Every structure is written in structure tokens, then in C-alpha cells.
Amino acid sequence: MNAIWDMVYQLFGEFGASQTALFLVKRDNEKGIVIVRCSHKALNMVRAAITAVTDINRKHAVIRVVAVSGTLKALRRKLFEH
Amino acid sequence: MKQFADLHLRPPLEEREQMEKLICKATDLGYSLVAISLPPKIKQATVLFLRKTCKSHGVDFATRIDLTPKSSNALLKSLRLFRRRFQIVGVNCISKSVARQAAKDHRVDMLAFPSSNPRKRFFDQAEARVACQGVAAFEIDMALLLQVTGFYRMRLLSSLRKEVAIAKKNGIPIVISSNACNPFQLRGPNDLASLALLFGMDNVSALNAVSVTPSAIVKRNREKLDSSYVARGVRIVRRGTNCDS
């Protein structure tokens with residue numbers, strides 16, 4: 001989550017970061033899945049920032065957006081299908 | 001359903017395992033067509049291995065060569081030698097004369113500007129006017145954008161924003177590719193499209209740049225390199241002494 005915040009801050013600055021309303025909903029370390037919530041108006045910004053992450057804690061890493069949904073229920077269904 | 005394409009993969013060609021990992025990752029991410037950059041003197045066994053690996057993963061494979069000529073004459077010489085041997089020809093434009101010659105030439109498919117320094121990027125209004133009379137597309141490689149940070153990223157984004165606006169204004173197709181050497185540099189097509197927002201591309205154009213445009217380039221070139229191709233709109237349908245029967 002810190003990596004995503006750092007990237008949002010790097011790319012869009014304090015003003016941009018303030019528009020995202022980004023926060024962590026759930027994290028599953030075993031499956032390596034994280035659910036985050038953000039403002040729907042800032043979706044593209046957050047997505048770009050997530051894609052631009054290249055390392056986490058100084059280790060090479062890539063975060064991939066698996067699914068996007070307006071509700072948690074639909075998101076869980078998409079994740080299950082995936 | 002959209003067919004996504006990444007026209008610039010650069011796996012290490014000496015390591016078969018790494019090549020396979022990259023192709024596997026590209027398939028996982030949803031690409032149905034990949035083009036792998038090959039050197040001019042590539043072993044046929046390597047090409048066969050790549051073709052076989054792509055087929056086993058269910059992804060279409062296209063061959064690509066990246067030319068980095070030092071002068072426009074060197075570019076013309078290289079094009080004469082390599083055009084018919086590779087399905088995609090990309091030119092890294094490191095000087096203005098090379099950029100102009102590449103834009104004019106109908107044998108060039110992609111114009112790439114590999115530097116983050118605005119003084120070494122030659123895609124300006126004049127270049128675009130020349131390019132719109134040719135068939136070359138403007139290629140954006142995302143690996144550089146992911147690599148640089150801070151001031152250099154800001155400078156690169158600023159250049160890309162101007163160049164994308166110029167390309168759109170002049171009707172030059174834009175292709176977004178990953179330029180990935182390893183699976184860590186690969187991104188999914190929707191993720192690449194979302195990155196394109198950073199330099200002013202809207203969602204529709206960005207998705208076309210990773211799907212429709214690159215697929216059309218490969219299709220066009222495959223038709224041209226086919227043995228039955230004569231000229232635009234002219235194909236040999238049947239050969240023989242009595243073609244009526």
C-alpha cells in the first residue's frame with residue numbers, strides 16, 4: 001500500500017493524491033491479492049500509479065490490476081471467476 | 001472481443017528459459033500477438049523455438065528488427081537488406097536526418113525515439129507532416145517511462161504529451177508497446193492504456209494503440225510479404241498455363 005501511495009504522490013503530487021481518496025479494504029498475503037478503494041473520478045490516476053510501481057521495499061515487483069468494480073460483492077465474484 | 005498486441009518484446013535470445021517465461025507472462029496478461037525484436041544475424045533454430053513456444057502458449061508471433069542507423073544512407077542500406085526478412089521494421093531515430101528519412105520511407109513500420117532528453121527526440125510538427133504521407137506509426141515504449149524517475153520522468157512525460165498531440169493532429173497512428181526484456185517490465189494491455197493517461201491519451205485511443213493499430217500493422221505486412229502479393233490491391237490468385245479451369 002505504501003508503494004502505491006508513494007507512486008501516486010510521485011506522479012500526481014499532493015493535490016492529485018488528495019483527490020484519489022485511496023485506502024486499503026482487504027489484503028490476502030497468501031494469494032497475493034489486495035483490494036483497494038478509491039474515488040471513481042480518480043480511477044484512471046490510481047490505475048496508472050499502480051501500473052507504474054516497479055519495486056516494493058527495494059525488491060523488483062509488479063502490481064497487476066485484476067478487476068475493477070463499483071461494489072465489493074461484484075468484485076469478489078469477478079475475483080472468484082478469475 | 002479486442003485482440004491485444006505487444007509489438008516490442010526483447011527477451012535475452014541466449015537464454016531459452018527466459019524467452020519462454022516472457023512469452024508465458026505475455027499470454028497470461030492477455031496478449032494474443034507478440035513481436036520479438038531479433039538481431040539481423042539470428043539463428044533459424046532460435047526463430048523456430050520462438051515460433052513453437054508462442055504456438056504452444058496460444059499466442060501469435062511476429063518477427064521484428066530494430067534498426068539504429070547513424071545516417072539516412074545507412075538506413076536505406078539496412079532497409080534494402082532486411083525489409084523482406086522481418087514482419088516489422090522499427091527505426092530508432094537518433095538523429096534528425098534518420099528521423100526524416102524513416103518517416104518518408106514506406107518500408108518503415110515504427111518510429112521510435114529512445115531518449116528521454118527532449119533535444120534527442122525529433123518528433124516535431126515537420127516530422128509529423130512527412131510521416132503522415134508514409135505508413136510509419138509513432139511508437140511509445142513504456143519501459144523507459146517506468147525506468148526513469150523524478151525530473152527525467154517529468155521531462156519525458158512532457159515530451160510525450162507534445163508528441164502525442166502532434167501525432168493525433170496529423171493522423172499518425174500511435175502504437176504503445178512495453179519494450180520489455182524480462183517479465184517485470186511487462187504490463188497488461190489495460191494497464192498500459194491507463195499509463196497512457198499520464199501523457200494525455202484518452203482511454204479509447206490508448207486501447208486502440210495496444211490492440212487495433214498494432215494488429216493492423218502486422219496484418220498489412222504479412223499480406224505484403226506473402227508470395228502472392230504484387231502491389232496494393234493486386235494479388236496472384238492462381239498460377240499456371242491454363243488459369244481458366
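Modeller: Let's start at R161(B), which touches F199(B) and G200(B) once residues up to four places away in sequence are set aside. Contact here means that the C-beta atoms of two residues, placed from the backbone, lie within 7 Å. Keep in mind that this is a predicted model: local features need pLDDT of at least 70, side-chain atom pairs count only at pLDDT 80 or more, and totals for chains, interfaces and linings use all residues. Residues are numbered from 1 along each chain as its sequence is written, while chains are lettered from A and ligands numbered from 1 in the order in which they are written.

R161(B) sits in helix α7 (residues 150-169) of chain B. Helices (H or I, at least four residues) and strands (E, at least two) are DSSP runs, numbered from the N terminus. R161(B) counts as partly exposed because 14 other C-beta atoms lie within 10 Å. The scale: 20 or more other C-beta atoms within 10 Å makes a residue buried, 12 or fewer makes it exposed, and anything in between is partly exposed, again with C-beta atoms placed from the backbone.

Seven strands form an open sheet in the order β1-β2-β3-β4-β5-β6-β7, with parallel pairing. Its edge strands are β1 and β7 (174-177) of chain B, each pairing on one side only. Two strands pair if DSSP finds at least two bridges between them. On average, neighbouring strands of the sheet are turned by 30 degrees against each other, direction ignored; the axes are lines fitted to C-alpha atoms, for helices over the stretch in contact, and angles run from 0 to 180 degrees between N-to-C directions.

Strand β1 (residues 4-9) of chain B is mostly covered, with six of its six residues buried. Four bridges tie β1(B) to strand β2 (residues 31-37) of chain B, and these two run parallel. L9(B) has I36(B) as its bridge partner in β2(B). Together with helix α1 (residues 16-28) of chain B, β1(B) and β2(B) make a right-handed β-α-β unit. Right-handed means that, with the strands pointing away from the viewer, the path from the first strand over the helix to the second runs clockwise.

Further along, four bridges also join strand β3 (residues 60-67) of chain B to strand β4 (residues 88-92) of chain B, running parallel. There, R64(B) has I88(B) as its bridge partner in β4(B). S78(B), in helix α3 (residues 72-82) of chain B, touches L67(B) and P69(B), not counting residues up to four places away in sequence. S78(B) is partly exposed because it has 18 other C-beta atoms within 10 Å.

What about the greasy interior? The largest nonpolar core has 82 residues, and those with the most contacts inside it are V91(B), A102(B), L111(B) and I176(B). Helix α2(A) gives the most to this core, with six residues. Such a core is a set of buried Ala, Val, Leu, Ile, Met, Phe, Trp, Tyr and Cys residues joined through C-beta atoms within 7 Å. Beyond its neighbours within four places in sequence, I176(B) is in contact with I140(B), M142(B), L192(B), A196(B), A206(B), A209(B) and V210(B).

That brings us to the other chain. 11 residues of chain A are in contact with 10 residues of chain B. Helix α2 (residues 43-52) of chain A supplies the largest share of chain A's side, five residues. By class, that side has five nonpolar, four polar and two charged residues; Ala, Val, Leu, Ile, Met, Phe, Trp, Tyr, Cys and Pro count as nonpolar, Asp, Glu, Lys and Arg as charged, and the others, Gly among them, as polar.

Take N44(A), which lies in helix α2 of chain A. Leaving aside its neighbours within four places in sequence, N44(A) is in contact with S194(B) and L197(B). N44(A) is partly exposed because 18 other C-beta atoms lie within 10 Å.
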